[in-house]
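Please open the model in your viewer and keep the selection panel at hand.

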Amino acid sequence: MFALLALIGSSITVFEFYTKSDATDESESSASANEKPTINGDTGMARNGSVEILVNESRQESKLPAWLEKCKPFFNCFCVFTNGEKILNVASSEGQLPSLHGIRFLSMSWVILCHSYAFLGMIARNMAETIQFVDHWFLQIILNGFYSVDSFFLLSGFLVAYLFFQQCAKSNGKIPWVYFYVHRYIRLTPVYAIVILFYTFINPYLADGPSWPDTDYDKNCHENWWWNLLYINNFQAIAGQCLGWSWYLANDMQFYVISPLFLITLWR
């Protein structure tokens, strides 16, 4: 599904690029053809409307269907070219901390690597054969992957403190505490709820196999979704957790709730 959306979005971008290029070439060639010498030797454009007509016609021919034009913003979200340009853009605006992006990238790569090896263990033909790799130096990166999450807590705490002190400097220490908490909850929860809904009812139908759920919906999320939306699911038993990996969001939200206890002390 993702590959199909990426193909559609990229095709629209390529189509618009080449049709606009053709329209530009036609307008330039028409302009040069309609240039006439004037009395003083300069060249002037014969404004008989022919150039405008050609440009308008080329634009009309290259215009996407109405329904596709409306869906274009959605498909652009999956375009390889537009997203690739943004991802590979290394320019930073004033106030950004580019070094944090590097820490985030390395930590995320570490997390993905560790989880890839962890799930390989679930489908190993003989688990006893994997024991011989435990003492290998490379596997120490995997076995100590728990520390990769610490860097995300570091980033989260640093950014909360950084923005908090910026706001304090602007408002002389006056912080709108209701906004401080409500904004955080509203910023995270709607998307979080959509992910839970998707995982509960749609994810079971996306694939099949020995490691894939064989039920019509996820039982844990169907019964315990509200734990996640209250960000207390990390206090729940592991066997009953919905989106077990979302413990980090709950942990991070709880740290955010108590962060003013430390931030106010540091500001004072």
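In this predicted model, begin by selecting residues 177-201, which form helix α9, together with residues 219-229, which form helix α10; the two pack with their axes 11 Å apart and at an angle of about 170°. Because angles over 145 degrees count as roughly antiparallel, α9 is roughly antiparallel to α10.

Coloured by residue class, the contact of α9 with α10 divides into nine nonpolar and four polar residues, with no charged ones.

Now move to the second pair by selecting residues 148-171, helix α8, and residues 247-267, helix α11, whose axes lie 10 Å apart at a packing angle of about 40°. That angle makes α8 oblique to α11, and the crossing in which α8 passes α11 is right-handed.

To display this contact, select V149, F152, F153, S156, V160, A161, F164, F165, C168 and A169 on α8, and then W247, Y248, N251, D252, F255, Y256, S259, L263, I264, L266 and W267 on α11. How do the residues of the contact of α8 with α11 divide into nonpolar, polar and charged? Here 17 are nonpolar, three are polar and one is charged.

Conventions: Residues numbered from 1 in each chain as written. Predicted model: local features only at pLDDT ≥ 70, side-chain atom pairs only at ≥ 80, totals over all residues. Heavy atoms only, no water. Axes fitted to C-alpha atoms, helices over the stretch in contact; angles between N-to-C directions. Helix = DSSP H or I, 4+ residues; strand = E, 2+ residues; numbered from the N terminus. Parallel < 35°, antiparallel > 145°, perpendicular 65-115°, else oblique. Nonpolar A, V, L, I, M, F, W, Y, C, P; charged D, E, K, R; others polar. Left-handed = near helix turned anticlockwise from the far one by under 90°. Contact = heavy atoms within 4.5 Å.
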